[in-house]
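Here is a short briefing on one protein model. Keep the sequence and the 3D view open as you read.

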Amino acid sequence: MSSEIKIEFNTRFQETVDSLNISIFNHAANIDSAFVFVTDQFFPLYYNFKSNDYMLFHGKPKSKPAPTCIDISDNKKYVVTGHADGSIALWSIADNFTFIKQFQKMHTSTAITHVKFGKNSETLYIADSKGLVTQISLTVIIAAYTFKETLVYDGQNQPVKSIVVSRQGDPFPIGFITFENYYVTFDPNATTSGGFGQQKKSLAIISEKFQNEPHLTLFARDQDFFLNTAIGSTVKMSQIRDVNTIIPLLSEIKFQDEIIRSTLFLSSSLISVLTQSGSMQLMLYNGDIVCKSQSQQLTNIVNSCNTFLTFNEKIVAVSQNTVSLIAFASWEDMIVGMANDNQWSNAFQSLSEINLNLSCDLIGIPTNQSIRRRKVLEIGQKLIVDYFTKALELDNETLVDQTINATVNVVTLELTNYMIHDIYELFKTKNKLQFYYEGIQKAGDKNFVLFCSPEFVSNFIEFSSKSENSGKCEDYLIGLNYLNSQVAPLISVAAEKKYLKLFRHLYIKYLNECIIPCQFYYENGKLLEYVEYIFNDFTDDDNTRARQRSILVWLLIPDSEGQFSRFYSLCQENWEQALYFVSVFSQILSNTPIHFTFDDILTIDVLIEAVLRALHKESYERTEPFLIVLLPYVASKNIVLGNASLPNILRWCFESDSKTTDRETVLRIIINQHPNLIPEDTLAKLCEKARFISFIKEIYVPQKQYGRVVHAMIRNEEYRPLVFDFLKEHLEDKEQLKAAIFSACQLLLLVNPQTFVSFVSDNFPEIYNNIIDLLKPSDRLIFLTTLNEINGTLDDEMKMMTFQLLLQFRPQSAEQFLSENINDMDLEKAQQLSIKYDRTDCQVVIKMYQHQYKEATEQIGTEIEKLLLDFIESDSQEMPASIDELAGMKDMKHCVETIDIALKLLTTITIDSNDKMTFQKTYFYFLFPMYLAQKSRENIKQSVTLMFSYFVVSSMNCISPHHAFLILSIHFSHLDPDVYKLILKNITARIDYQKYLLKGLDDMLISDCLDLIDKVFLKQTKGIEVKDLNCCVCRGKLDPLSYQNWYLYPCGHICHVDCNAKKHEICPACTGMAATEQIVVEKDTKPKKLMPREVQRIMRRLQFALKKNFGVDEISQESTNAAYFSKPPEFDEEIIVDLNDTLPPPDDAVIKIVDTSSE
């Protein structure tokens, strides 16, 4: 942005200079408005540009060399000047602008080019024309001034261009020294000095070499510095966090065809860039150019200037002849200029920073907050109008983006009301309200909330209604987080616009009030929706529960006319949903009644009364679901019912599928209230139909009509298991009980066959045949088999009947039954029945019993061949992988069962007649099926081969494997090789499987046997295993190997010899019991050596004594006198054991075991 830069001259200053005959300015420095100059005169000039006061320093120095440079301390206490002869002079402002002292040490015969105050007024940095830079520490004691000089850096005859160093109050000390093509960074704290004249080099970091002279400018902030580095035509801006950490803030900013002369910080965000061509540019901290100016006058000033300083947001340019003030455009002009150049983002950002007092660094910003705020509002309103005027001419997508950006800025500038009124009308006239609201929404919920005044929300709702987006509008408004001051006005808007959910949300979330919105929903006919919202909130907290209880009270408290109008309204909206909430209400009230006043309690009785009144005129179909939910509570809590919905309640009692006891209890409550409501005969029939056992018993037991009671109890699942107890209770009425059994025998058998048969067998054995005649054939079989299992009292006729029924209904069990009872059966009749029902197994059993082995073998062999051929010709797809899977194959089941019968038959023949050749004959029945199978499908071949392999392996239980394989090799080797190999493979696999199975069974049986033997031994000996052995007297530990030291008593107690020396025959813990076996010690002069076998025998004897006498009763288990039962030691070789190795050393002892028992 181009802008005229105003060049000013201070007339008063010029008049002062003229009056003092000053014509040349060599150098200048300033702190705020206080400026000091070195001129063509020796004494420096002090001038205050704010008050226009001035003063020439005075004094009596020893010499007056020409001054070359100057600086003023931050506290405006001292001024220091450098001179052409290498000396410096210190001047005092506070002491009436007088000369203090001259100093010269390290800078000899070279002109001082730069002087700078450092971190305080007692620290100076001096540079000369040969590049030598030193630090001088000033010490003031009373009126005596002492200088100590330390070397900072030696530039090796390269002249210093500038010194930039941190000052008093800066975050941390840091300094820079610039030369013609590089600069040096140094740490002022690293420069130290010893005594007078002692020198020490400071820590310095040298930069790379550049093609142009570097210009450095430093700006101190609270915790860090901003550093501008201008080299040639580029500027870099960095952040210095500490001496060793410099972070680039921006990439290089390049000024084309320009060489930068200097950069100055007007503030932390405004940087002035001066070039050799005479142009001056004002740049923001982010690199944007705010304004730029170039003129011949400015060029002349810049090129002739020897010092650039800043004051009051102006640049003070000091040349040899003049001092010029360069002023920039004001902040208002700059922001408006940004807007005119379409730099809206920068304009709004700068204005927002000014408004938030985050950046008051622009030129001319008022310090008074009220004035600044008023100015910001004026400029902000103008910017917003201009911004949207231009934006409304753009396409819609761009308009939304522009609105988003403007919304954020409007919120920051606190101009929301202006946008709500004026900008809204602007969009409305252009018929683009859609983009107005879309842009504000996309700017974020937090920003949108700040627009939510009643007027804005009303307009938003009206616009959404017209665009048929009311639902989305309401959901969006609900999702916002409002300020407390906005809630009350928005509630009014929600009520006016009938936004029920928003109304509810505002009341519950912000006011914690649930009844007023409930009333509002009720008035608008949406009560069910509100109740659904409240009771579908499953948050487990006190507020949620309190809201639910409050709504329940509001719903169920009758109105002034005693009617439940609110609850009835809830039901009328939707009966199905109302049913769900009735179940919820009932759960709440059944668990915790609600106290809503000091004396009044809301219980489930009130809910039941309200529901029954609401359903009074409704049909049973609508009423039944509610009764299913509520009437169980009536039964459990014995609640007295009114007259509402009484017909439907009675119908529920007699016809519902609900729990019988609940229905029966409710009916009894009604009968107690209304004794004459139902005639007795009608009640009896209804109760019988409904299976109300208690009523039925009351009616029919006195009449001894037990059959009716039994039938009712059987039909009632809850009473069904008790039917036999009922029969046992009335055994005194045998005839009536028989009649009841006859009428319900089939049902009683199905309830529990064992119990029923046992009951009849114990009490009415004479009615077996009567019951059998009354039962259906299948039930007759159940009765007979159960009777046989219980007492085995079937006569021959019953056994034949059972066999026939088994053939008919359980053919797999017929063979076993026949085998068990064949001695009592009519074999001829049994044979006929077996043929009739085609049970080969039964026919074979009969032939086996009659020793017709040849006929039986032929029959079973022919049956096997027939079944195999049928299987080969079938379309079976089953393909077992091994013999184990044959039993699970449906299509092969009959074949496998027949093979099992054949194996049983052949085994019997082998045992009876030792005829093993019969097996060989049976092998032949597999030949033809095997021949056909090898040409059939793969699964058929596999299945038939497996069945034959199963037969071969099983036959080895009776014939030798040699015999079996001999048969195979002679008679089956003509089969295809692959089939023959498959047979051998299946046989060997089955044999291996049986071998491993038997080994596993052996291992398990051995383990179980050992466990059983151990348990038997422990039971017989009453022995227990324990870990420690303690004396029953002193509780001290005993050594099991030191036999001579303790006694063992039959009770299991043990004690030291010394602890029971007087009466060692009696247990000290259980007096009166004689010792059965004692280990005592007899003195012997000769030590005795025991052989290992003797030691083992003694140890086994000791263990047996311990186990035999150590009981397993509770006292013994709790006793601390414990013996550890270990196995006797075993030795690999015969070793002589010396007792001295095992017994304590004091005396030699001989062990004797004394048996004082009678055994």
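**Sheet 14-15-16-17**

Four strands form an open sheet in the order 14-15-16-17, with antiparallel pairing. Strand 14 (162-165) and strand 17 (204-206) are at the edges, each with a single partner strand, so one side of each has no neighbour in the sheet. From one strand to the next, the twist averages 20°. The model is predicted: local features need pLDDT of at least 70, side-chain atom pairs count only at pLDDT 80 or more, and totals for chains, interfaces and linings use all residues. Residues are numbered from 1 along each chain as its sequence is written, and side-chain values use heavy atoms, with hydrogens and water left out.

**Terms for strands**

- Helices (H or I, at least four residues) and strands (E, at least two) are DSSP runs, numbered from the N terminus.
- Two strands pair if DSSP finds at least two bridges between them.
- Strands of a sheet pair through backbone hydrogen bonds, either parallel or antiparallel.

**More on strand 17**

- Strand 16 (residues 183-186) runs antiparallel to strand 17, and three bridges join them.
- F186 has A204 in strand 17 as its bridge partner.

**Sheet 6-7-8-9**

- Another open sheet of four strands has the order 6-7-8-9, again with antiparallel pairing.
- Strand 6 (67-72) and strand 9 (98-103) are the edge strands, and each pairs on one side only.
- Neighbouring strands of this sheet are turned by 20° against each other on average, direction ignored.
- Strand 8 (residues 88-92) pairs with strand 9 in the antiparallel sense, over five bridges.
- Opposite I88 stands F103 in strand 9.

- Which strand forms a hairpin with strand 19? Strand 20 does, with two residues between the two strands.
- In that turn, G232 has a positive phi of about 65°.
- Seven bridges pair strand 19 (residues 225-231) with strand 20 (residues 234-242) in the antiparallel sense.
- T229 faces K236 of strand 20 across this pairing.
- A hairpin through two residues also leads from strand 20 to strand 21.
- Strand 21 (residues 245-248) runs antiparallel to strand 20, joined by four bridges.
- S238 has P248 in strand 21 as its bridge partner.
- Strand 22 (residues 253-254) is antiparallel to strand 20 too, with two bridges.
- V235 is bridged to I253 in strand 22.

**A residue in helix 33**

- E828 lies in helix 33 (residues 827-836).
- Is E828 buried or exposed? E828 is exposed, because its relative accessible area is 58%.
- The cut-offs are these: buried means under 20% relative accessible area, exposed over 50%, and partly exposed in between (1.4 Å probe, protein chains only).
- E828 and I846 are 18 residues apart in sequence, and their C-alpha atoms are 9.1 Å apart in space.

**Confidence**

- pLDDT is the predictor's confidence in each residue, from 0 to 100.
- The protein chain has a mean pLDDT of 82, and 87% of its residues reach 70 or more.
- Confidence in the protein chain is highest in strand 7 (residues 78-83), at a mean of 96, and lowest in strand 37 (residues 1149-1155), at 35.
- Over residues 192-201, pLDDT stays under 50, and the model has 16 contacts (heavy atoms within 4.5 Å) for them beyond four places in sequence.
- Residues 1107-1159 also stay under 50 in pLDDT, with 117 contacts beyond four places in sequence.

Key
Axes fitted to C-alpha atoms, helices over the stretch in contact; angles between N-to-C directions.
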